[in-house]
Amino acid sequence: MAALTHLGLAEARDLLVRKELSSVELTEAHVRAVAAARGLNAFITETPDQAMAAARESDGRRAKGEAGLLDGLPIAIKDLFCTRGVKTTAGSRILGNFVPPYESTVTANLWRAGAVMLGKTNLDEFAMGSSNMTSAFGGVENPWRRRGDNRPLVPGGSSGGSAAAVAARIALGATGTDTGGSIRQPAAFSGITGLKPTYGRCSRWGVIAFASSLDQPGPMGRSVRDCALLLGGMAGHDPKDSTSVPRPVPDYEAALSGDIRGLTVGIPKEYRVDGMSAEIERLWDQGIDWLKAAGANVREVSLPHTTYALPTYYIIAPAEASSNLARYDGVRYGLREPGEGTLESLYETTRAAGFGDEVKRRILIGTYVLSAGYYDAYYNKARQVRSLIARDFARAFAEVDVLLTPTAPTAAFAMGENMDDPVAMYLNDVFTVPASLAGLPGLSLPAGLSGEGLPLGLQLIGRAFDEETVIRVGGVLEAAAAFDALPPGLEA
């Protein structure tokens with residue numbers, strides 16, 4: 001048997017089902033691994049005692065024949081999901097000591113399915129970032145390194161702690177959230193698989209809000225099958241979330257048929273952008289060839305408003321953030337800095353001390369575009385362009401079943417690189433933002449290595465609520481890519 005921490009989620013599930021392994025053994029191995037890898041700063045809060053108690057309960061259920069879908073599997077939870085009795089910070093000083101009295105719907109679903117929580121993972125503050133360097137608790141290190149260069153790299157963001165934990169083999173899987181690429185881009189940077197479901201597939205209730213019309217929880221794992229399994233435990237209708245769609249949850253794992261003959265894959269010509277590295281373009285072309293060899297038809301499609309996606313996103317998302325973050329004022333919960341004793345001073349000093357630079361930047365942008373005289377010129381115009389982007393996808397999906405694109409324009413970069421150029425940071429999301437604006441499912445999977453030995457990802461985008469086709473094609477693409485590289489020092 002491979003080292004317990006090198007098992008995939010589905011592999012570990014199968015061993016537990018056959019009773020060749022106990023949850024206590026599996027969880028204990030991961031608790032030790034989390035402690036040994038603290039240098040990555042992947043976790044803000046570790047919960048080893050809670051994890052071991054949950055593992056013992058899981059073994060008891062399995063002995064009685066009452067095990068759930070994810071019973072006994074140790075996973076990590078992005079510290080944006082409220083967890084009853086466990087600190088939930090959103091990576092921000094303003095919520096540094098916040099302990100929720102309630103459980104998010106997604107995590108409640110996971111515990112009902114029997115999953116075990118190892119702890120809460122680090123993230124860009126309020127999920128605002130593409131590097132995991134904006135966290136008030138310090139940046140997360142990617143376990144990967146460039147060949148011949150030991151400088152620490154970013155894991156991507158905002159779900160960088162979750163990505164690093166899965167890549168470093170200290171969690172079998174993890175939850176993330178994706179607003180403009182925050183599951184898919186860190187998955188690509190960290191050599192793992194990440195799935196952003198359709199908007200409304202997983203409940204947002206109890207997930208600390210960034211941009212409410214874009215935020216969507218999703219799974220991160222080491223394979224397409226692992227993500228399919230984890231999504232099955234996360235998803236479901238929630239009457240507490242008005243954007244949650246009342247649709248049954250399919251058996252996503254069953255979608256992995258291995259057969260994509262007759263499906264049509266679209267290649268958006270607008271995604272061949274200036275500045276994209278030649279090796280990513282070659283990998284994209286290789287992905288096309290792999291799908292052709294598996295029996296899929298391939299055709300070029302046009303998404304003409306793609307060029308406007310980033311500016312549209314960086315109007316809509318900050319506007320919604322400025323509204324959502326107005327609740328953090330030092331009065332009701334979180335940090336309180338009384339200042340000079342007046343209410344206005346309380347607001348000013350609390351928010352100045354509690355929010356980091358990137359969050360302040362986005363609040364200011366959002367407040368500006370929503371202000372009198374600019375609402376129609378910026379925010380309403382962006383909403384109109386968003387509708388055009390969604391229409392482009394609808395027209396493309398009248399002709400094809402799924403789209404294939406790169407996930408990110410580069411491999412992971414070093415900590416400190418690009419940090420003084422917000423626009424350069426925002427460009428990391430150029431391939432992921434359009435699907436977010438349209439509310440569509442997107443899957444990133446590792447498909448090759450760069451010349452410097454770093455993972456590169458390919459992205460599949462599907463029709464709304466057709467995660468099954470995305471997973472089906474993803475399984476075939478994954479098998480063809482046969483990506484089995486590990487970060488240095490983690491060879492099994």
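Contact here means heavy atoms within 4.5 Å. I am working on a predicted model.

**Entry 1: H7 and H15**

I looked up the contact between helix H7 and helix H15. On the H7 side I find Val224, Ala228 and Leu231; on the H15 side they meet Glu467, Ile471, Gly474, Gly475 and Glu478. I sorted the residues of this contact by type and got four nonpolar, two polar and two charged. H7 covers residues 224-234 and H15 covers residues 467-481. Their axes lie 9 Å apart, at an angle of about 155 degrees. Angles over 145 degrees count as roughly antiparallel, so I log H7 as roughly antiparallel to H15.

**Entry 2: the nonpolar core**

Next I asked which residues have the most contacts inside the largest nonpolar core. They are Phe126 and Leu404, in a core of 150 residues. Helix H9, residues 309-324, gives the largest share of this core, with nine residues.

I then listed what Phe126 touches, leaving out residues up to four places away in sequence. The list holds Leu80, Ala90, Ser92, Ile94, Leu95, Ile208, Ala209, Phe210, Leu325, Tyr328, Phe355 and Val359.

**Entry 3: H9 and H11**

H9 contributes Tyr314, Ile315, Pro318, Ala319 and Ser322 to the contact. From H11 I noted Arg362, Ile363, Ile365, Gly366, Thr367 and Val369. By type, the residues of the contact of H9 with H11 are seven nonpolar, three polar and one charged.

**Entry 4: strand S9**

Leu404, noted above for its contacts in the core, lies in strand S9 and is buried. I looked at the rest of S9, residues 402-406, and found five of its five residues buried. Which residues of S9 lie on each side? Val402, Leu404 and Pro406 are on one side, with Leu403 and Thr405 on the other, and both faces are covered.

I also looked up the pairing partners of S9. With strand S7, residues 264-268, S9 pairs in the parallel sense over two bridges. Val265 stands opposite Val402 of S9. With strand S11, residues 455-462, S9 pairs in the antiparallel sense over five bridges. There, Gln459 in S11 is the bridge partner of Thr405.

Technical notes. Residues numbered from 1 in each chain as written. Predicted model: local features only at pLDDT ≥ 70, side-chain atom pairs only at ≥ 80, totals over all residues. Heavy atoms only, no water. Axes fitted to C-alpha atoms, helices over the stretch in contact; angles between N-to-C directions. Helix = DSSP H or I, 4+ residues; strand = E, 2+ residues; numbered from the N terminus. Parallel < 35°, antiparallel > 145°, perpendicular 65-115°, else oblique. Nonpolar A, V, L, I, M, F, W, Y, C, P; charged D, E, K, R; others polar. Core = buried A, V, L, I, M, F, W, Y, C linked by side-chain atoms within 4.5 Å. Buried < 20%, exposed > 50% of the residue type's maximum accessible area, 1.4 Å probe, protein only. Pairing = 2+ DSSP bridges.
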